[in-house]
Amino acid sequence: MNVLVSGTGSGSGSFPGGTICVRGSTGDGDTAGSLPLTVRVRVVAGHVPPVGSAEPKQTYDVDVTPVGGQWCATGVPVSGSTPAGVPLTALAWLRTGPSWSGPDGVWFYGGGPNPTGCCPTSPLEQSAPVAGAFQGWPPPPPPLPSDITG
């Protein structure tokens, strides 16, 4: 998949490749009761297997709190983007209380032909959501029709 990269090379002090948004789901049964949940997202260069530790937190990691089992991280730094696409891997860890799960990951290309984004928070990220942004992590359900009351 080709992912939209925002802010490539813009502004002083910005990450050299720009940023993306990454989204997913914590999966069935990962509600952990009353324990707090956190998802840590990291993008690394190349297509690599989902390995590594969430700790210590890296400079360019983004932490988000899932809402209803769904999560969306915006402003996740990436190392590059080209018209042909730069191979990258997004990794995500789930923290339930004090412990982190092993990472899940997905390969993608930064830039490339017809890139798509998710989490529409800026004009550059308002294209159609990426279905199945993480393998096994489905996209959030569509909004309920306005005529449903409850």
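Hi everyone. Let's start with charges: this structure holds four salt bridges. Keep in mind, please, that we are looking at a predicted model. As a reminder, side chains of opposite charge can pair when their charged atoms come close.

Take Arg-40 to begin with. Arg-40 forms a salt bridge with Glu-55, and the closest N and O atoms are 3.3 Å apart. Arg-40 sits in strand β3 while Glu-55 sits in the loop between β3 and β4, so this pair ties together parts that are 15 residues apart in sequence. How accessible are the two partners? Arg-40 is buried, with a relative accessible area of 4%, and Glu-55 is partly exposed at 44%.

Arg-40 also meets Asp-63 in a salt bridge, at 2.7 Å from N to O. Here the link is between strand β3, which carries Arg-40, and strand β4, which carries Asp-63, 23 residues apart. Asp-63 counts as partly exposed, at 31% relative accessibility.

On to Arg-42, whose side chain meets that of Asp-61 in a salt bridge, again with N to O given as 2.7 Å. Arg-42 is in strand β3 and Asp-61 in the loop between β3 and β4, 19 residues apart. Is Arg-42 buried or exposed? Arg-42 is buried, at 12% relative accessibility, and Asp-61 is buried too, at 6%. Now for the network: salt bridges that share partners join Arg-40, Glu-55, Lys-57 and Asp-63.

Next, some backbone geometry. Most residues other than glycine have a negative phi, and most peptide bonds are trans. Which bond is cis here? The peptide bond from Glu-55 to Pro-56 is cis, with omega near -5 degrees. Pro-56 lies in the loop between β3 (37–45) and β4 (62–64).

Then there is Asn-114, with a positive phi near 50 degrees. Asn-114 is in the segment after β8 (104–110), and is exposed, with a relative accessible area of 73%.

Asn-114 and Leu-4 are 110 residues apart in sequence, yet 8.3 Å apart in space, C-alpha to C-alpha. Leu-4 belongs to the loop between β1 (2–3) and β2 (19–25) and is buried, with a relative accessible area of 17%.

Let me finish with the strands around there. β1 and β8 run parallel, joined by two bridges, and Val-3 stands opposite Gly-110 in β8. β8 also pairs with β6 (residues 86–96), this time in the antiparallel sense, over seven bridges. In that pairing, Ala-92 has Asp-104 in β8 as its bridge partner.

Methods:
Residues numbered from 1 in each chain as written. Predicted model: local features only at pLDDT ≥ 70, side-chain atom pairs only at ≥ 80, totals over all residues. Heavy atoms only, no water. Helix = DSSP H or I, 4+ residues; strand = E, 2+ residues; numbered from the N terminus. Buried < 20%, exposed > 50% of the residue type's maximum accessible area, 1.4 Å probe, protein only. Pairing = 2+ DSSP bridges.
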